[in-house]
Amino acid sequence: MATTASTSMAATAVFMPCRLPTSAVTPRCSALPNLPPPRVSTTPSFSASLKQISEPRRISLFQVKASSSEESSPPVDAGEIFSDLKEKWDAVENKSTVILYGGGAIVAVWLSSIVVGAVNSVPLLPKILELVGLGYTGWFVYRYLLFKQSRKELATDIEALKKKIAGTE
């Protein structure tokens with residue numbers, strides 16, 4: 001009997017100041033342009049805020065560094081991954097069929113990208129297709145997600161489809 005251990009992953013995002021190299025023309029991190037200072041009237045009551053505005057403005061560029069931590073997971077070894085892939089590739093009996101299917105999938109993605117680009121260049125067609133998609137989404141929500149009985153029906157249909165795909169039906 002195999003036991004499963006649950007791991008918790010925590011993701012953090014840290015804002016760090018971006019240091020621009022003095023010799024570089026373009027920064028290596030993206031930042032929003034500085035906004036103009038707020039308009040302030042010149043009455044004496046706002047003298048403190050005028051002093052703050054008159055100070056030289058610093059450029060504050062930030063970059064986001066995301067990291068995740070796993071408590072019980074060992075580091076990934078690239079050599080181990082390559083050896084596992086080599087073992088799986090060696091276990092494949094009909095390599096030419098796998099290569100043919102992979103190449104066909106790449107060609108299909110490329111052709112679909114061309115078709116989507118052509119459809120997107122027609123003036124009104126993208127907006128019409130967007131409206132059709134929104135209409136279908138609304139119908140699907142009304143038909144399957146809005147009421148409890150229809151949600152149960154959708155769940156049973158999905159389970160039947162999963163059994164049919166897995167071949168256990």
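Helices here are DSSP runs of at least four residues, numbered from the N terminus. One such run is helix H2, residues 78–91. The model you are looking at is predicted.

**Stop one: helix H2**

Select Lys86 and Asp90. Both sit in helix H2, four residues apart, which is about one turn of the helix. Asp90 has 46% relative accessibility and counts as partly exposed. The cut-off explains the two labels: exposed means over 50%.

Now select Trp89 and Lys95. Look at the face of the Trp89 ring: Lys95 lies over it, 5.6 Å from the ring centre.

**Stop two: the aromatic cluster**

Show the side chains of Tyr136, Trp139, Phe140 and Tyr144. These residues form one aromatic cluster. Across the whole structure, a search finds four aromatic pairs. Take Trp139 and Tyr144 next. Why is this pair called edge-to-face? Their ring planes meet at 85°, with the centres 6.1 Å apart, so the pair is edge-to-face. The step rests on a cut-off: planes over 60 degrees apart count as edge-to-face.

Phe140 and Tyr144 are four residues apart in helix H4, residues 125–145, and so are separated by about one helical turn.

Colour these residues by accessibility. Tyr144 is buried, with a relative accessible area of 17%. Trp139, at 42% relative accessibility, is partly exposed. Phe140 is also partly exposed, at 28%.

What does Arg143 lie over? Arg143 lies over the face of Tyr144, 4.7 Å from the ring centre.

Arg143 forms a salt bridge with Glu153, and the closest N and O atoms are 3.0 Å apart. Arg143 belongs to helix H4 and Glu153 to helix H5, residues 148–166, so the pair ties together parts that are ten residues apart in sequence. Arg143 is partly exposed, at 30% relative accessibility. Glu153 is partly exposed too, at 32%.

**Stop four: along helix H5**

Move on to Glu159 and Lys162. Both lie in helix H5, three residues apart, about one turn of the helix. Lys162 has a relative accessible area of 48% and is partly exposed. Glu159 counts as partly exposed as well, at 40% relative accessibility.

**Last view**

Zoom out and show the charged pairs together. How many salt bridges does a search of the whole structure find? The search finds three.

Key: Residues numbered from 1 in each chain as written. Predicted model: local features only at pLDDT ≥ 70, side-chain atom pairs only at ≥ 80, totals over all residues. Heavy atoms only, no water. Phe/Tyr/Trp six-rings, centres within 6.5 Å; stacked < 30°, edge-to-face > 60°. Buried < 20%, exposed > 50% of the residue type's maximum accessible area, 1.4 Å probe, protein only. Helix = DSSP H or I, 4+ residues; strand = E, 2+ residues; numbered from the N terminus. Lys NZ or Arg CZ within 6 Å of the ring centre and 35° of its normal. Salt bridge = Lys/Arg side-chain N within 4 Å of Asp/Glu carboxyl O.
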